Amino acid sequence: MSETNMGRVPVGDPIPLRFDPTTKQRLEELAAGIGPRRFGALVRVAARRLLSDPDRVPEALGQARRASADARRIPWAERPLDLDPATSTRLNQLAHEFHTDRSAIVRVALHRFLTAAGRFRHPVLREDARTDLTCRTRVYLNRSTLVRLEKLVGRNGDALTAAAIRVAVRRLLDDPRDLAADLATIGAARDLTPETLGPRTNVHFDDDLRQQLDNLAERLDSDRAELMRLAARQLLANPRDLEKAVTEEIYRGDANRAKLLARNTRRRQTAAADQPAHAPARAPSPQGNPFGRRHVYRFDEDTKRRLEELADDYGPRRVSALLRVGIRTLIASPAAGEDLAQARRADARARALPHDPVTLKLDSPTAACFRTLAARHEASPRDLVAVAVHRFLAAPGNYRQALISEARAAGLDEKFEVSLRPSARRDIEHLADRHGTRLSSALVRVAVRRLLDDPADLAGELENIAPVHDLRPTHRTARIDVALDDELLAHLDALADRLGSNRRELVYLAAKRILRFHHNIEDRMLDEMFRAQNNRKHLLAKHARRERTRRKDRDDTV
């Protein structure tokens with residue numbers, strides 16, 4: 001028997017398991033506190049505790065699935081929907097009758113349409129040719145549904161997605177069927193991102209434990225991996241008597257049991273004797289390093305350089321402590337939301353891409369209508385063209401005939417110097433290239449004529465769409481490692497949830513704020529660097545002597 005094996009009896013064949021990185025790390029830390037190579041035994045203990053009370057597993061599994069779905073939900077895709085007045089009224093009445101919104105009804109309609117589309121080509125073509133669509137509303141759909149719908153209706157030419165949505169809505173209005181049940185199961189369904197799981201981990205399970213796990217998984221319509229992830233979370237939430245349970249799991253054989261347990265006790269006593277008597281179990285080291293796991297954040301080079309210059313005033317390698325002071329200051333600030341909004345606006349202005357210049361040519365009657373509309377809404381020609389192109393790209397419909405007619409138009413004597421976002425211009429060119437070369441200008445004129453025929457809610461779109469710019473990607477290449485304890489991370493995550501942000505954005509904001517407001521932070525820096533109570537007075541005196549020497553040397557070299 002080797003010292004690392006310690007006489008453990010083999011427990012069976014390995015089965016592959018995968019955990020999310022955070023759970024895996026916490027399990028490894030918990031196992032390391034018990035002894036070397038204890039991970040497999042800890043996982044088996046979690047499985048046995050889960051199987052010891054199977055009646056509570058269904059409810060816990062349902063809660064875990066709901067929590068996972070809530071964390072992985074993808075935001076709805078906003079989609080404009082143009083309807084005739086009669087259909088819009090019927091849709092509103094149906095939503096009021098079932099105490100829901102129009103988006104949920106449209107989601108059910110699209111689900112039914114995609115499940116049993118039937119012969120839809122001619123209804124979609126007739127729907128696309130309608131001219132009485134004067135009522136515009138905005139609905140929220142799953143992105144995967146839009147992709148499937150566009151792929152379905154685009155098999156025979158242009159993807160008439162907007163017309164297909166209207167066909168699906170009319171079918172549902174003609175035959176609601178069991179709409180209440182569909183609203184509960186389909187209308188609330190959301191797209192989910194895949195679970196982020198780490199690499200495979202092999203854990204040995206004996207035949208009896210494996211069979212019990214498989215029986216429970218079959219009864220609950222689950223699998224081993226999902227049940228073991230649930231067992232690991234329950235174990236981490238209530239880690240009672242783990243050392244005794246893991247020891248029992250390791251030494252399950254009767255042969256030499258007393259001898260093996262006595263040797264394990266001697267090994268732990270020897271390891272404890274090698275540690276200094278004054279060393280705390282879970283406190284920062286005497287050098288002032290904070291307790292907590294290191295996290296990597298990215299900054300731009302200028303911000304990192306300024307942080308290092310500011311941190312150098314408090315001693316070597318103090319950037320991590322400076323960032324923690326900044327994070328604590330941000331968490332305690334009542335104006336954190338305003339600072340975040342201002343930082344986002346400044347970042348958007350710094351990364352805004354200039355618009356591409358475009359020349360819009362119109363005939364005299366159309367140009368007069370264009371000027372009248374601009375004067376009525378006190379808008380510039382550029383803003384009107386931006387809204388027109390946005391509407392067109394959101395619902396292009398069947399534009400082929402209008403594009404061909406516009407390409408043959410003559411008498412385009414009026415010119416307007418406007419501009420478009422680079423991404424919008426690329427999308428226009430991509431659509432125009434389907435029907436020929438150099439038709440982008442004609443397609444912009446088609447979009448403008450559609451806007452002139454149906455201005456609809458132009459005032460709101462001028463406020464929300466016209467000022468939008470394309471943004472360059474964030475360029476942050478400088479890396480800083482910051483050690484953050486669990487309590488500080490919990491406060492940071494709570495602030496991120498309240499402000500609709502994330503750790504990365506808030507840490508960057510904290511760095512920017514501490515660079516602007518860093519007066520009188522010496523006491524907080526010292527508290528952050530020397531958080532351990534042991535030798536605190538000695539460390540502070542040592543730091544003061546070092547600072548006096550360093551400042552004296554700096555003054556002598558000036």
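The largest cavity is lined by H355, R382, A386, V389, H390, L393, L420, R421, A424, I465, A466 and V468. A cavity here is a set of points, on a 1 Å grid over the protein atoms alone, where a 1.4 Å probe fits but cannot get out, and lining residues have an atom within 4 Å of a point. This is a predicted model, in which local features need pLDDT of at least 70 and side-chain atom pairs count only at pLDDT 80 or more, while totals for chains, interfaces and linings use all residues. Residues are numbered from 1 along each chain as its sequence is written, and side-chain values use heavy atoms, with hydrogens and water left out.

Some 100 Å³ of space, roughly, lies in that largest cavity, and the count comes to 1 cavity of 30 Å³ or more. Volumes are the space filled by probe spheres set on the grid points, with points joined across faces, edges and corners.

A pocket, for its part, is an open set of points with protein on both sides within 12 Å along at least five of seven lines. Helix 21 gives the most to the lining, with 6 residues.

R445 sits in helix 21 and counts as buried because its relative accessibility is 7%. Its side chain is joined to that of E406 by a polar contact of 2.8 Å (a pair of N or O atoms within 3.5 Å, one able to donate a hydrogen and the other to accept it; residues adjacent in sequence count only if both atoms are side-chain atoms). Neighbours within four places in sequence aside, R445 is in contact (heavy atoms within 4.5 Å) with L360, K361, L362, E406 and L412.

Further along, helix 24 (residues 503-516) has 14 residues and reaches 20 Å from first to last C-alpha, close to the 20 Å expected. Buried in helix 24 are L506, V507, Y508, L509, A510, A511, R513, I514 and L515. Their cover includes strand 5 (293-299), helix 14 (301-311), helix 15 (319-332), helix 16 (336-351) and helix 23 (486-499). At the N-terminal end, N502 caps helix 24, with a side-chain oxygen 3.3 Å from the backbone nitrogen of R504.

Taken as a whole, the protein comes to 26 helices and 8 strands, and 41% of its 558 residues count as buried. Of the contacts with a separation of 6 or more, 86% are between residues 24 or more positions apart.

Key:
Helices (H or I, at least four residues) and strands (E, at least two) are DSSP runs, numbered from the N terminus. The expected span of a helix is 1.5 Å times one less than its number of residues. Buried means under 20% relative accessible area, exposed over 50%, partly exposed in between (1.4 Å probe, protein chains only).
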